[in-house]
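Please keep the sequence and the 3D view open while reading.

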Amino acid sequence: MVAVLLGILGLLLLYYMFFLVKDLIANKANLGTGSIPIAMGIGFVTDFLDVLGIGSFAPTTMLLQTTKYLDDDKKLPGTLNVAHTIPVMIEAFIFIKVVEVSPVTLLSLVFSAIIGSWVGSKTVTKLPEKKVQFYVGLALVATAIIMAAKQMGWLAMLGDGNTATALTGGKLIIGIVGNFIFGALMTIGVGLYAPCMAMVYLLGLKPIIAMPIMMASCAGLMPVASAEFIKTGNYSRKGTIGIIIGGIIGVAIAANFVTNMPMDILTWIIIVVIIYTGITYILKSKKTVA
């Protein structure tokens, strides 16, 4: 089962790489604005944090906003997805070792997330900048709330006593619909990990099963969503190059050396800053151009 899953993810990675390399070559003379070294720093920090369970989308949004990296906020959802696809894929290949969940449950939820991301990316690429700013702001605030719930131990409490390794009947349908929605929300900047974890717990699955479902869902949906953003050019090319390079280094270091370091204080600081950044984006969306 693990081999089949990783094989599917490998094919999706090749699909993503085809569009990315083709686009970068076609635009090699004009990769857009931004500094690749700054993006490398952002990628290193955010994908380092992703391995530690904090997530990469919200911190990346925060740092891109702080550095004023993007010349157009409409490029933000695309940059998040396109730039973090390879680091997330590497995480999946490193951490998906043993899959205890039933093949039907796992593949159903993963493919529903992939379809959701495809539908979401088709919608997000057509949104005007002000709406992107507003929805990104809401996504950040929602992400911060979920992160806080995770820090308080509320998500873990949902999984206490769960023993199931498979979803059937109505619960399977709920899981499929839920992951479809989470996949669609990924394209606007809402990380899938925490809401998917909460859903898995609520449906009665063993807590350990959340890991392969979350990892495989993100690794599967991001190449599909990213291809749509690449086709429309709604992403930062220099930012993507830098974040990929820095992100790979960050994942490698976090996975090998510091996965057990205490992160509580840093996580709470990040939650506060993410809320501030989210409110900033919402306020930006309400400003009228003079």
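## Helix α8

In this predicted model, the buried residues of α8 are L172, G175, G178, N179, F182, G183 and M186. Viewed down the axis of α8, these residues fall within an arc of 140°, so they line one face of the helix. They pack against α3, α4, α5, α9 and α10.

The length of α8 also fits a helix: at 1.5 Å a residue, its 18 residues should span 26 Å, and the end C-alpha atoms are 26 Å apart, which agrees.

## Helix α5

Helix α5 covers residues 103-124. Its 22 residues should span 32 Å at 1.5 Å a residue, and its end C-alpha atoms are 31 Å apart, in agreement. The buried residues of α5 include T105, L106, L109, V110, S112 and A113, and also I114, G116, S117, G120, S121 and V124. The helices that they pack against are α1, α4, α8, α9 and α10.

## A nonpolar surface patch

Residues I115, W118, V119, I173, V177, F180, I181 and L185 make a nonpolar surface patch of about 680 Å². Both α5 and α8 supply at least two residues of this patch, and the largest share, five residues, comes from α8.

W118, one of the patch residues, is located in helix α5. Its relative accessibility is 40%, so W118 counts as partly exposed.

Helix α2 spans residues 36-51 and holds D47. D47 has 0% relative accessibility and therefore counts as buried. Apart from its neighbours within four places in sequence, D47 is in contact with S56, H84, P87, E91, I243, G247 and V251.

I42 is also found in helix α2. This residue is buried, with a relative accessible area of 5%. Leaving aside neighbours within four places in sequence, the contacts of I42 are T60, L63, L64, T67 and I243. I42 and G246 are 204 residues apart in sequence, yet their C-alpha atoms are 7.1 Å apart in space.

## The loop between α3 and α4

K68 is placed in the loop between α3 (57-66) and α4 (76-95). With 69% relative accessibility, K68 counts as exposed. K68 has a positive phi of about 50°, although it is not a glycine.

## Salt bridges

Side chains of opposite charge can pair when their charged atoms come close. How many salt bridges does a search of the whole structure find? The search finds five.

D23 forms a salt bridge with R237, with the closest N and O atoms 2.7 Å apart. This pair links distant parts of the chain, since D23 is in helix α1 and R237 in helix α11, 214 residues apart. Both D23 and R237 are buried.

K284 forms a salt bridge with D73, and here the closest N and O atoms are 2.8 Å apart. K284 lies in helix α12 and D73 in the loop between α3 and α4, so the pair ties together parts that are 211 residues apart in sequence. K284 is partly exposed, with a relative accessible area of 22%, whereas D73 is buried, at 8%. K75 pairs with D71, the closest N and O atoms being 3.2 Å apart. A network of salt bridges links K122, E228 and K231.

Terms used: Residues numbered from 1 in each chain as written. Predicted model: local features only at pLDDT ≥ 70, side-chain atom pairs only at ≥ 80, totals over all residues. Heavy atoms only, no water. Helix = DSSP H or I, 4+ residues; strand = E, 2+ residues; numbered from the N terminus. Buried < 20%, exposed > 50% of the residue type's maximum accessible area, 1.4 Å probe, protein only. Contact = heavy atoms within 4.5 Å. Expected span 1.5 Å × (residues − 1). Patch = residues over 30% accessible without salt bridge, like charges linked within 9 Å, V, L, I, M, F, W, Y side chains within 5 Å. Areas by Shrake-Rupley, 256 points an atom, 1.4 Å probe, with all protein chains shown as cover. Salt bridge = Lys/Arg side-chain N within 4 Å of Asp/Glu carboxyl O. Arc of directions from axis to C-beta.
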